[in-house]
Amino acid sequence: MSLKSGLLAGVFAAALLSTPAMAQDAATVAAAEALRDKALSDTIALDFTREITTRFGPRPAGSKAEQDAAAWAADWMRANGFENVRIENFPLVGWERGEESIEVVGNHAQKLIGGALGHSIPTPAGGIEAEVVRFETLEALEAAPAGSLNGKIVYIDPGQMVPDRQGSGYGPRSRIRAMGPKAAADQGAVAFLIRSVGSDHDRMPHTGTTAYHDGKVPLTAFSLAAPDADQLNRLIELGEPVRVKLFSSARIYDTHSQNVIGDITGTTRPQEVIVLGSHLDSWDIGTGAFDDAAGGGITIAAAKTIAEAGRPARTIRVILYGSEEVYQPVSHGNGGGAYVRGIGDGIENHIIAGESDLGADNIYAVNLPVGALNSEFARIAYGVLAPLGIERGGEERSGGADVAPLARGGVPVFALKQDATRYFDLHHTANDTFDKLDPVQVRQNVAAWTALIKLIADSDVDFRALAAAQTDSIREQ
């Protein structure tokens with residue numbers, strides 16, 4: 001059954017027309033449904049993603065490739081109907097991987113497949129060689145007896161991440177990746193290893209950022225591909241000391257990153273801004289198709305599809321954020337923080353924000369801003385999105401890494417929840433390439449974004465007021 005002839009859409013539209021208070025919204029609902037269906041044959045998102053991953057390949061934050069990709073994306077926006085297109089630069093500490101190796105030495109000598117984590121410091125020219133001590137948790141490392149890890153290489157293996165559509169295993173493991181090097185250094189270790197934070201069993205490591213502490217990353221830090229983490233475990237379980245040698249020529253350098261911003265300017269309420277976000281940078285070992293060129297393609301396609309059918313009442317702003325992937329020596333060193341600092345008091349004009357940054361597989365649920373779940377707008381949105389297989393979700397409070405600074409500044413946020421079952425197989429690996437995208441699922445994403453944003457852009461819903469009303473109601477109880 002086609003979406004255009006779906007019974008749910010028809011019944012819903014009839015209900016709107018029969019309700020005087022909502023009759024003014026019927027045309028917007030019908031337009032959102034029509035654009036939803038049109039987007040299911042979209043080529044914009046895939047074309048944009050193909051172009052940027054092919055032309056520029058990996059786009060590490062602050063690299064020439066990221067900067068060149070930003071200039072190209074701005075030109076693309078200008079050529080495709082976006083207005084007020086600009087590139088917003090901000091300073092950044094960049095990082096280059098250089099050469100690297102990891103191997104077991106001595107008894108049972110063999111090479112391992114692993115790679116330096118982002119912003120990890122280099123080893124001395126001769127590398128680092130030491131005995132490995134394994135832990136399962138960060139807390140166990142922190143509780144190790146004083147002096148017991150002096151001169152050792154700390155290895156944390158929290159177990160293989162199990163795939164699920166929420167990606168629920170990622171947060172606890174990424175915390176170990178970020179905080180582990182500092183905890184190891186505090187215990188006197190000379191280097192840090194972690195099982196790759198991913199759900200695949202391929203023999204390729206997942207990179208990802210480590211955290212700065214007091215302006216520096218304290219240790220050389222590597223991740224191990226899942227089969228190699230298993231191999232290291234088996235060697236340790238033989239009961240003999242296991243020595244590992246690491247080499248890395250990574251370096252940091254001063255550079256800049258940037259946000260690329262383009263508007264579809266509203267007709268009657270142009271000062272009211274809807275932000276659609278994704279990030280332009282990627283890690284250096286893949287081409288960042290899932291993470292996150294596809295997010296840019298999806299949000300750009302939604303805005304362009306809406307504009308081609310007639311300008312919306314409110315302004316739709318697409319932002320391709322820079323430097324999402326890396327921590328920095330100072331706080332707010334990413335594109336989300338730079339954007340908020342740049343708009344200043346203009347944040348009050350931002351009515352809602354959301355980002356696409358969990359791959360490009362099917363959206364299965366919609367989270368709406370605080371206070372909106374039981375609103376009239378929510379009932380309309382659920383009805384328009386239901387034919388795409390999208391369920392009612394919960395309240396959204398943070399919105400994701402790039403729009404979180406807007407959320408902290410009081411801007412309501414939403415989330416179209418993507419199925420992450422495959423995402424952490426590919427995320428931060430050499431396997432994150434354009435061929436992994438499923439065109440049908442990408443188009444479902446575009447259809448969902450197009451329909452929801454069309455409803456918001458041509459409505460008068462005030463998400464801030466809905467949040468305030470819910471807060472007041474709770475206080476009165």
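**Reading the labels**

Modeller: Let's begin with handedness: α3 and α4 cross in the right-handed sense. The contact involves Ile44, Phe48, Glu51, Ile52, Arg55 and Phe56 of α3, and on the α4 side Ala65, Asp68, Ala69, Trp72, Ala73 and Trp76. Do keep in mind that this is a predicted model, where local features need pLDDT of at least 70 and side-chain atom pairs pLDDT 80 or more, while totals for chains, interfaces and linings use all residues. Numbering starts from 1 along each chain as its sequence is written, and side-chain values use heavy atoms, with hydrogens and water left out.

Biologist: What makes a crossing like that of α3 and α4 right-handed or left-handed?

Modeller: Look at how the near helix is turned from the far one, by less than a right angle: clockwise is right-handed, anticlockwise is left-handed. The α3 and α4 pair falls in the right-handed class.

Biologist: How is the contact of α3 with α4 split by class?

Modeller: Nine nonpolar, no polar and three charged residues. Nonpolar here means Ala, Val, Leu, Ile, Met, Phe, Trp, Tyr, Cys and Pro; charged means Asp, Glu, Lys and Arg; the others, Gly among them, are polar.

Biologist: And why are α3 and α8 called oblique to each other?

Modeller: The axes of α3 (residues 44-56) and α8 (residues 289-308) come within 8 Å and cross at roughly 140°. An angle is roughly parallel under 35 degrees, roughly antiparallel over 145, roughly perpendicular from 65 to 115, and oblique otherwise. That value belongs to the rest, so α3 and α8 are oblique. Their crossing is right-handed. By class, this contact has ten nonpolar, five polar and one charged residues.

Biologist: Which peptide bond involving Asp291 is cis?

Modeller: The one joining Asp291 and Asp292, with omega about 15°. Asp292 is part of α8.

Biologist: How do you know whether Tyr423 is buried or exposed?

Modeller: Buried means under 20% relative accessible area, exposed means over 50%, and partly exposed is in between (1.4 Å probe, protein chains only). Tyr423 has 3%, so it counts as buried. Tyr423 sits in helix α12 (residues 423-426). Leaving out neighbours within four places in sequence, Tyr423 is in contact (heavy atoms within 4.5 Å) with Phe290, Asp291, Asp357, Leu358 and Gly359. The C-alpha atoms of Tyr423 and Asp291 are 8.6 Å apart, although 132 residues separate the two along the chain.

Biologist: Where do Asn84 and Asp214 fall on that accessibility scale?

Modeller: Asn84 is at 48%, so it is partly exposed, whereas Asp214 is at 79%, so it is exposed. Neither is a glycine, yet phi is positive, near 50° for Asn84 and about 55° for Asp214. Asn84 is in strand β1 (residues 83-96); Asp214 is in the loop between β7 and β8.

Biologist: Why is β10 described as largely enclosed?

Modeller: Ten of its 14 residues are buried, so the rest of the structure largely encloses β10 (residues 251-264).

Biologist: What makes β1 and β10 a pair?

Modeller: Strands pair if DSSP finds at least two bridges between them. Twelve join β1 to β10, and the two run antiparallel; Gly94 stands opposite Tyr253 in β10. β10 also pairs with β12 (residues 314-321), again antiparallel, over five bridges, with Ile264 opposite Ile316 in β12.

Methods: Axes fitted to C-alpha atoms, helices over the stretch in contact; angles between N-to-C directions. Helix = DSSP H or I, 4+ residues; strand = E, 2+ residues; numbered from the N terminus.
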